[in-house]
Amino acid sequence: MGVSTAAGLAAASAAGRVANRLFQRVVPSPQVVDGFPRWRWVLSAVTQATVFPSLLLLAWGAPAAGGPSWDWLALPASEAPNGARWYVYALVASQTRDMFPMPPAASATMRVHHWVVVLACLLALHAPQGFGLFVLGTFVLEMGSMTFNLRKLYPESRAVEILYQACMLCSNLAALAGGVVLLRMDAIPVWMKAIYFVADVGVVIGRQLHALKDAGLMGAHAAREAPTSRGALAG
């Protein structure tokens with residue numbers, strides 16, 4: 001790992017800790033939702049709605065990508081626009097800010113999810129091709145997860161429920177399509193393709209099953225602990 005990458009990850013993680021302190025004061029609710037205080041869910045939704053889209057747009061329109069273009073999707077991290085790398089740093093920070101230590105009431109699934117996302121991001125930073133696709137794939141899943149977080153925050157809202165169901169389905173389908181594109185990238189080792197594609201499919205299935213349960217179409221309506229998308233082609 002290069003010095004600049006290590007510095008970027010460290011700076012983003014530090015910023016995540018600062019954001020924790022800020023939102024803990026701004027959203028001082030004592031409510032705990034699935035093992036996490038309410039302010040952490042609010043912070044996740046705000047990050048997904050503002051930071052991630054801004055960095056994706058920065059990557060898409062960066063001069064290093066030849067102006068507004070999707071050509072950067074196939075590039076490795078070393079050649080990708082700064083916005084794409086900063087996005088991954090922010091994604092890692094969105095996980096590490098919840099860790100060290102993880103809230104005692106957090107589920108085992110959530111604990112594993114956070115570690116998987118961090119490891120997937122580190123692996124993507126070293127992939128010989130497709131770093132931009134990883135960025136786009138995780139971003140798409142993050143948008144679905146944003147509505148999941150809103151659903152947690154406002155469980156009685158019918159509008160949020162409809163938004164959650166629609167966005168979750170669309171983001172899952174888009175993530176599957178991204179996984180298929182990944183398989184067609186020749187420079188990526190077969191073992192790396194297999195890891196990401198299996199993780200992609202597994203995450204999408206888990207997310208969609210949870211959405212169906214939430215809609216009352218499968219199993220218990222109360223199953224609201226499925227892993228969020230935060231990591232996505234990886235987790």
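A residue counts as buried under 20% relative accessible area, as exposed over 50% and as partly exposed in between (1.4 Å probe, protein chains only). The model on screen is predicted: local features need pLDDT of at least 70, side-chain atom pairs count only at pLDDT 80 or more, and totals for chains, interfaces and linings use all residues. Residues are numbered from 1 along each chain as its sequence is written, and side-chain values use heavy atoms, with hydrogens and water left out.

Start with the whole protein. There are seven helices and two strands, where helices (H or I, at least four residues) and strands (E, at least two) are DSSP runs, numbered from the N terminus. Along the sequence they follow the pattern α-β-β-α-α-α-α-α-α. Of the 235 residues, 52% count as buried.

Next, select Leu-119, which is found in helix α4. Is Leu-119 buried or exposed? Leu-119 is exposed because its relative accessible area is 52%.

Now move to Asp-98, in the loop between α3 (82-96) and α4 (108-124). Asp-98 has a relative accessible area of 2%, so this residue is buried. Show its side chain together with that of Arg-97: the two make a polar contact (3.2 Å). Such a contact is a pair of N or O atoms within 3.5 Å; within protein, one must be able to donate a hydrogen and the other to accept it, and residues adjacent in sequence count only if both atoms are side-chain atoms.
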